[in-house]
Amino acid sequence: MLVTAYLAFVLLAALCAGLELAARRTAPPQPAPAAVANPAFRRFQSLFLRAYLLALWADWLQGPYLYKLYRHYSFLESQIAILYVCGLGSCVLFSPAAGWLLQVLGRRQACLLFCLAYSACCLTKLSRDYFVLILGRVLGGLSTSLLATAFEAWYVHRHLDARDFPREWIPSTFARAASWNHGLAVGAGLAANALAEWAGLGPVAPFLLAVPFLAACGWVVLWDWGQEEAEEGAGPEKGGPPLGAPPPAHVSARARFSRGCLEGLRCLLSDRRVMLLGGVQALFESVLYIFVFLWTPVLDPHGPPLGIVFSCLMAASMAGSALYRLATSARYRLQPGHLLCLAVLLAFFSFFMLTFSTVPGQPRARESFLAFLLLELACGLYFPAVSFLQGRVIPEERRAWVLAWFRLPLHLLACLGLLALHGEVSGTGGGEAGGGTRHMFAGCAGMMLAALLAVISLFTLGRHDADLRLEGTRGEGDM
């Protein structure tokens, strides 16, 4: 597996480069957007990305060795499953509350809270105490929820309300962030591997490395973003209520939170397209959380460098993202709906393969590694496709609340899956998962079949729906 991991990394890097070049060649030449020629916007965009990319980098550093760290502390797989469930459960609790925190604390203060909470989460990894590690998972759930909401909320508010830039320029900033994101993930795997294995510092080292980057992110948010707000002006209505705001502001924030939740639920229940898309998201992304838990115990007994394996997985996802852009280009003209279907189908085949490669007593690590790469390739196709469809069927003013409702069954399904695995492992007397892992992969394959049915229903419902199609592509009826 050592040679396989390094060889796979080289091949995937070449594949990503080839797909990226092909995608750029098929993209029609376009004039430079006005945003590029605006120096004030470019400075503001760089100010935001400086903090946001530091936050993403610190987040990715914690991916490769989390399970390995818990095993290093001699916890059983059933105990580790409970730790993961605590993290997911805190996401269930904090995801809806993140919007309320933005109103109460203010957007910039919420970003600072992310830096503090995630730093504390990383430092808890130094402890071998189980309850301290549970606290760390709870703090991690809070931090993940804030990362998904606070930074974007600050940027959009400053972009529109304080700077008064055109709304059409917002996607260019997040497109730049997305283009950096995969590269950061691949680099984080290499850096984590260098510290944990090449330097021999152990699996806790990547978590400690994340702390100074979170501190740097906090400094940019505190100082540079603070100067930005001071120069451009940010009263209570522009920057959010300050810490220690009077109770009436808190009551107003709770009222806005409740109204947003109800409007999001009403939008979800009133449009069948939104319901089906939410079902696909809940099924697909919940099995990804289960995959995040299971990939390390499946591969680690065979001795691969986990950081390099993580980089391979992220490179496969990057290849899927480049393939999406190539497939939807003017040359090939595939619809996002087609690619969403392909992504779900690839994920199904991946889990189907894993039910055979993880037979107790006859594990086939290379086949499992290939299946994991196939799953990440599917993720690279899935996320831009589902993001496009969400942008078309969910009203922008209610999107954050609707997506919060999507995440609720997503995290609950993942928690139930991990609890089922914990129960099966505990029932074997505390041994390794063995057949439990295989049964979990079989269950994930079944969930992918259900997601495929939801995608087909969405296609049937939106066969002649222009909202679900890219402009200037093939005619009606081929959705």
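Start by selecting Phe-372: its relative accessible area is 0%, so this residue is buried. Keep in mind as you click around that the model is predicted.

Colour helix α11 (residues 272-299) for Phe-291 and helix α14 (residues 365-393) for Phe-372; the pair ties together parts 81 residues apart in sequence.

For another one, pick Phe-151 and Trp-225, whose ring centres are 5.9 Å apart and whose planes meet at 75°, so the pair is edge-to-face. Phe-151 belongs to helix α6 and Trp-225 to helix α8 (residues 205-232), so here the link is between parts 74 residues apart in sequence. Are these two buried or exposed? Both Phe-151 and Trp-225 are buried.

Stay with α6 (residues 130-162) and bring in α5 (residues 107-123): the two axes come within 8 Å and cross at roughly 155°. That angle is over 145°, so α5 runs roughly antiparallel to α6. The α5/α6 crossing is left-handed. Sorted by class, the residues in this contact are 16 nonpolar, five polar and two charged.

Last stop: select residues 1-18, annotated "signal peptide" in an unreviewed UniProt entry. This span is 94% helix and 0% strand, and its end C-alpha atoms lie 25 Å apart.

Conventions: Residues are numbered from 1 along each chain as its sequence is written. This is a predicted model: local features need pLDDT of at least 70, side-chain atom pairs count only at pLDDT 80 or more; totals for chains, interfaces and linings use all residues. Side-chain values use heavy atoms; hydrogens and water are left out. Axes are lines fitted to C-alpha atoms, for helices over the stretch in contact, and angles run from 0 to 180 degrees between N-to-C directions. Helices (H or I, at least four residues) and strands (E, at least two) are DSSP runs, numbered from the N terminus. Angles under 35 degrees count as roughly parallel, over 145 as roughly antiparallel, 65 to 115 as roughly perpendicular and the rest as oblique. A crossing is left-handed if the near helix is turned anticlockwise from the far one by less than a right angle, and right-handed if clockwise. Ala, Val, Leu, Ile, Met, Phe, Trp, Tyr, Cys and Pro count as nonpolar, Asp, Glu, Lys and Arg as charged, and the others, Gly among them, as polar. UniProt positions are given in the numbering used here, feature names are shortened, and annotations may be inferred rather than shown by experiment. Rings of Phe, Tyr and Trp (its six-membered ring) pair if their centres lie within 6.5 Å; planes under 30 degrees apart count as stacked, over 60 as edge-to-face and the rest as tilted. Buried means under 20% relative accessible area, exposed over 50%, partly exposed in between (1.4 Å probe, protein chains only).
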